[in-house]
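I opened the file to note down helix packing, cores and a few single residues. The entries follow in the order in which I looked things up.

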Amino acid sequence: MQLDPGQRSLDGIALLRALAPADRTALAARCGWRRHRTGELILSPESASRDVLFVVEGRVRVVTYAASGREVAFAVLAAGSHVGELSALDGAPRSAAVEALEPCLVASLPATAFQALLLAQPALALELLKALAGVIRRSDERIAELSVLGAMPRVYRELRRLARPEGKGAVIVPLPTQEALAAHVGATRETVARALGQLVKGGVAVRRGRELLIRDLSLLEALGEPET
């Protein structure tokens, strides 16, 4: 489907907020634009592309697969995010696949244009460094959790990270599928189902369709602590 020029806007991309509006408009004109259906593979590890992708609408997930076929999820990225900067920077092959979690609009910027942008815009380069630092911190946290926590506590910690304040408690909207949660924390779907069931049975949480209402955040946090 052909996009109206007015839809080709990068104003919502967090990484590009340091750019002047006119510069974002010029950058949008250099991007390739494409809509993707739910479940569609946007980027594969075998791709020769080294483009940076900007998620303008919808949500995507970054995922890889072990030799056994087991899925390992790295992140879920909402509109305003970017992905693919590592290959754009070093030219190495992609380390993961990107899939559409829902209908998406994605803009792709060639690696050469991205590198030139970083050299011309120091403020944007600093924003990228901050984003990469956040990725490293989250990776370190996950590695530590895999070393010291059992599967159930890892599920509880991930739910706490996803929870957003609502009234006296918190809510997770939308609640990821059990398969998605399991892939993200390195557990099985059965473990995630058991963890969610215990939260509901114990009165810590209430299911509301695709929402999970957390009644007691302190107890959820306690469940995510290492066993002594």
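Predicted model: local features only at pLDDT ≥ 70, side-chain atom pairs only at ≥ 80, totals over all residues.

Which residues in H6 meet which residues in H7? On the H6 side I found Gln178, Glu179, Leu181 and Ala182, and on the H7 side Arg189, Val192, Ala193 and Leu196. By class, the residues of this contact divide into five nonpolar, one polar and two charged.

Entry: geometry of H6 and H7. I looked up the two quantities by which two packed helices are described, the angle between their axes and the distance between the axes. Helix H6 covers residues 178-185 and helix H7 covers residues 189-201; their axes are 8 Å apart, at an angle of about 110 degrees. An angle from 65 to 115 degrees counts as roughly perpendicular, so I wrote down H6 as roughly perpendicular to H7.

Entry: H5 against H6. Helix H5 (residues 151-162) packs on H6 at an angle of about 110 degrees, with the axes 10 Å apart. H5 and H6 are therefore roughly perpendicular to each other. H5 brings Arg154, Val155, Glu158, Leu159 and Leu162 to the contact, and H6 brings Leu181, His184 and Val185. I counted the classes here too: five nonpolar, one polar and two charged residues.

Entry: burial in H6. I listed Leu181, Ala182, Ala183, His184 and Val185 as buried. The cover over the buried residues of H6 includes strand S5 (71-77), H4, H5 and H7. Just after H6, I noted a positive phi of about 75 degrees at Gly186.

Entry: Leu181. With neighbours within four places in sequence left aside, Leu181 is in contact with Glu158, Leu159, Leu162, Pro176 and Val192. I also checked Leu181 against Gln7: the two are 174 residues apart along the chain, and their C-alpha atoms are separated by 33 Å.

Entry: In soluble globular proteins, nonpolar side chains tend to be buried together. The largest nonpolar core in this model has 24 residues, and Leu10, Leu16, Trp33, Phe54 and Phe114 have the most contacts inside it. At least two residues of this core come from each of helix H1 (21-30), strand S3 (52-57), strand S8 (104-109), helix H3 (111-120) and helix H4 (122-148). H3 gives the largest share, five residues. Another core, of 21 residues, lies apart from it and includes Met152, Ala170, Ile172 and Ile214.

Entry: Ser44. I found Ser44 in the loop between strand S2 (41-43) and S3. Its relative accessible area is 18%, so Ser44 is buried. Beyond neighbours within four places in sequence, Ser44 is in contact with Arg94, Ala96 and Ala97.

Entry: the protein as a whole. I counted eight helices and 12 strands. The radius of gyration is 19 Å, close to the 17 Å that the globule rule gives for 228 residues, so the protein is as compact as a globular protein of that length. Along the principal axes, the C-alpha atoms fill a box of roughly 55 × 40 × 35 Å. Of the 228 residues, 40% count as buried. Among contacts between residues at least 6 apart in sequence, 69% join residues at least 24 apart.

Definitions and conventions. Residues numbered from 1 in each chain as written. Heavy atoms only, no water. Axes fitted to C-alpha atoms, helices over the stretch in contact; angles between N-to-C directions. Helix = DSSP H or I, 4+ residues; strand = E, 2+ residues; numbered from the N terminus. Parallel < 35°, antiparallel > 145°, perpendicular 65-115°, else oblique. Contact = heavy atoms within 4.5 Å. Nonpolar A, V, L, I, M, F, W, Y, C, P; charged D, E, K, R; others polar. Core = buried A, V, L, I, M, F, W, Y, C linked by side-chain atoms within 4.5 Å. Buried < 20%, exposed > 50% of the residue type's maximum accessible area, 1.4 Å probe, protein only. Rg over C-alpha atoms; globule rule 2.2 N^0.38 Å.
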